Amino acid sequence: MSVTVRRLSWATTLCLAVAASLGVSAQKDDKAKDDDTRRPKVTLRANPLIGMAPARIVLTAELTGGPKDFEEYYCPTVEWDWGDGTTSESTLDCPPYEPGKSEIRRRYVVEHVFRAGSHRVTFRLKRRDKILTAAAVSLQIQPGLMDRH
C-alpha cells in the first residue's frame, strides 16, 4: 500500500484557512439568526397617547412569540424610563430557572402621572447592566388648567 503525501503551497493553505474561518462565522451567524427568530418580541402601548396635565397614563409592555421558557427573559430586571429624567426599576425574587417548566412573564402594566410636555417612555428588560430588549412610545401631554397663568 502506498501513501501519497502532497505538500500544499502557502497560498493553498491560506485559502483553506480562510474558507474554514468563513464557514465557522457563517455557522455563528446562522445561530444568531435562529436566536433572533426564537426571541420574544416586545411592544409598548400607552393609553391615552395625548392628554392634559396631570395626565394619568396606563402603559402596557407585552412580549409575543418565542418559547414560554425563554431563559434569557426569565426573571429580568424591569426598567421604565419616563422620558422626564426619572426612571423606575424593579426585580422580582424568582425560583431558579428550570427548562420546560419556568415561564417568562409576558405582560407588564404600570400607571404613571405625567406633567405637560413631550415624553418618550422606554421599557427595558435587563440582566445586570445588559439590556435584553426594549421598546418605546411617545406621549404628548398638554398643559392643564393648573399649569396656565
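**Aromatic pairs and salt bridges**

Visitor: Is Trp82 buried or exposed?
Guide: Trp82 counts as buried because its relative accessibility is 4%. Buried means under 20% relative accessible area, exposed means over 50%, and partly exposed lies in between (1.4 Å probe, protein chains only). This is a predicted model, in which local features need pLDDT of at least 70 and side-chain atom pairs count only at pLDDT 80 or more, while totals for chains, interfaces and linings use all residues. Residues are numbered from 1 along each chain as its sequence is written, and side-chain values use heavy atoms, with hydrogens and water left out.

Visitor: How many aromatic pairs are there?
Guide: Rings of Phe, Tyr and Trp (its six-membered ring) pair if their centres lie within 6.5 Å; planes under 30 degrees apart count as stacked, over 60 as edge-to-face and the rest as tilted. By this rule there are six aromatic pairs. One of them joins Phe70 and Tyr73 edge-to-face, at 5.0 Å centre to centre with 75 degrees between the planes. Phe70 and Tyr73 are both buried.

Visitor: And why is the pair of Trp80 and Trp82 called stacked?
Guide: The ring centres of Trp80 and Trp82 are 5.6 Å apart and their planes are at 5 degrees, so the pair is stacked. Trp80, at 5% relative accessibility, counts as buried.

Visitor: Changing topic, how many salt bridges does the whole structure have?
Guide: Ten salt bridges are found, each being a side-chain nitrogen of Lys or Arg within 4 Å of a carboxyl oxygen of Asp or Glu. One of the bridges is formed by the side chains of Glu111 and Arg56, at 3.0 Å from N to O.

Visitor: Which parts does that pair tie together?
Guide: Glu111 lies in strand β6 (residues 107–114) and Arg56 in strand β3, so the bridge connects parts 55 residues apart in sequence. Strands (E, at least two residues) and helices (H or I, at least four) are DSSP runs, numbered from the N terminus. Glu111 is partly exposed at 47% relative accessibility, whereas Arg56 is exposed at 55%.

Visitor: What does Glu72 bridge to?
Guide: Glu72 forms a salt bridge with Lys130, the closest N and O atoms being 3.4 Å apart. Glu72 is in the loop between β3 and β4 and Lys130 in strand β8 (residues 130–142), so this pair ties together parts 58 residues apart in sequence.
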